Amino acid sequence: MPWSREDMAARAARELKDGFYVNLGIGIPTLVANYIAPGMKVVLQSENGMLGIGPFPYEGEEDPDLINAGKETVSELASSAYFSSADSFAMIRGGHIDMAVLGAMEVSENGDLANWMVPGKMVKGMGGAMDLVAGVKRVVVVMEHTSKNGEPKFKPHCELPLTGTNVVDMVITDLAVFSRASRKDPFKLTEIAPGTTAGEIRSKTPAHYLG
Amino acid sequence: MTSSSKVYPDAERALSGILRDGITLCCGGFGLCGVPDKLIAALHASGVRDLTVVSNNAGTDDAGLGLLLKSRQIRKMISSYVGENKEFERQYLAGELELEFNPQGTLAERVRAGGAGIYAFFTKTGAGTLVAEGKETRVVNGETYIMETGIVADVSLVKAWKGDTEGNLVYRKTARNFNPNMATAGSITVAEVEELVEPGALHPDAIHTPGIYVHRIINGSPYHKKIEKRTVRKRMEGSDAVVS
């Protein structure tokens, strides 16, 4: 049985370490916050200028001046800090954020990421994705193994316009986990979802990886 | 009010004499948060056209910069994300609107640099992507950097929480976002605030934007702030899970 969105988020959460400053993308990456191990201190950063994102506010306590990068209302913690967009991206670009979890349309075998644009479709913009992959120390991608049409998403080369080149350290899909020790190393298949076989993953993964 | 006062009675008068067709405008805000709505409404009413607007987002169909898009006053947008606006999409696909996408951090830094007198800088962001096309690159220690230029504007519009009559500004929570950066990039910066106070009411150590950057200021109250995506948790759950 393939991993659910929740399973994938929980798997990504296991990459967190105590004291990490982390940026979570929109979609499945956002769910990672629900799986931070009890007792572990992780500070969530939001591109729009906040460190220490708290939970969704209680009903009636929503504050239009307090939102995350997905424009959802959030709350603040005793330890929260606010800052400008330029400061926010100084943190991101300057290598001060330990880890980012992002979604993807395609990842290539050398760690290129495509997650912002499909030619011919209306492009909404890259937002902060290019800055995140350029500056965050470790980038974990969470995505379905294949597209809605069954096309593989982990490929020899990305066909879609890139978000960054050689920027992905780990790929978590609904079928498998691929990781690599450094950005000079190839990806290795390290985990397989229950009910899936290495052969099935091979057949759905045109990217080169170490088995 | 002395002749050198920065205080204007309303948004319309705060923009008088500084608007011309074809000018470049920097505008603070992220989504619908911290957007100078009163000044945008006055800009809308002024009828000024062919604007180039530098703003992270383009508002929604009926809020923020969406107003100026609807009335076709914007010729070009420089933004990082414009996903929430159908009219934007229609004008763009019809070729009526020019659009330059910048990575969000590059946009913030271009504005910061422009306001700080930095002509250009080199950044890793966007190297090897469409964003790098046509731009000068440098390879330093094996990493590729692309050159991005600073942005300055004829007029910057910002929204703050509190401001004093000298133009010192304090923002509130994530409504700060691009506002302090945009404030530095305008030849003339106009601020709207929820509360306009006398000098001394804001602690000098707590000022986010020093008044030197702010040329005109209005009290824009009352405000009816909008929420783009209302997300809440039930009080009964008792969960302290951190959900962003």
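How much area do chain B and chain A bury between them? They bury about 5,000 Å², 59% of it on carbon and sulfur atoms.

This is a predicted model, in which local features need pLDDT of at least 70, side-chain atom pairs count only at pLDDT 80 or more, and totals for chains, interfaces and linings use all residues. Residues are numbered from 1 along each chain as its sequence is written, chains are lettered from A and ligands numbered from 1 in the order in which they are written, and side-chain values use heavy atoms, with hydrogens and water left out.

View 1. The size of an interface is often given as the accessible area lost when the parts come together. Buried area here is the accessible area (1.4 Å probe) that two parts lose on being put together, summed over both. In contact (heavy atoms within 4.5 Å) are 56 residues of chain B and 55 residues of chain A.

**View 2. Polar contacts and salt bridges across the interface.** The rule finds 28 residue pairs in polar contact, both residues at pLDDT 80 or more. A polar contact is a pair of N or O atoms within 3.5 Å; within protein, one must be able to donate a hydrogen and the other to accept it, and residues adjacent in sequence count only if both atoms are side-chain atoms. Six salt bridges are also found between chain B and chain A, a salt bridge being a side-chain nitrogen of Lys or Arg within 4 Å of a carboxyl oxygen of Asp or Glu. Asp65(A) forms a salt bridge with Arg172(B), where the closest N and O atoms are 2.8 Å apart.

**View 3. The elements of chain B that touch chain A.** Helices (H or I, at least four residues) and strands (E, at least two) are DSSP runs, numbered from the N terminus. Two or more residues each come from α4 (86-93), α5 (104-115) and α6 (179-185) of chain B. Of these, α5(B) gives the most, with six residues.

View 4. Lys155(A) lies in strand β9 (residues 154-155) of chain A. Lys155(A) counts as buried because its relative accessibility is 12%, and buried means under 20% relative accessible area (exposed over 50%, partly exposed in between; 1.4 Å probe, protein chains only). Not counting residues up to four places away in sequence, Lys155(A) touches Glu106(A), Val107(A), Ser108(A), Glu109(A), Pro206(A) and Ala207(A).
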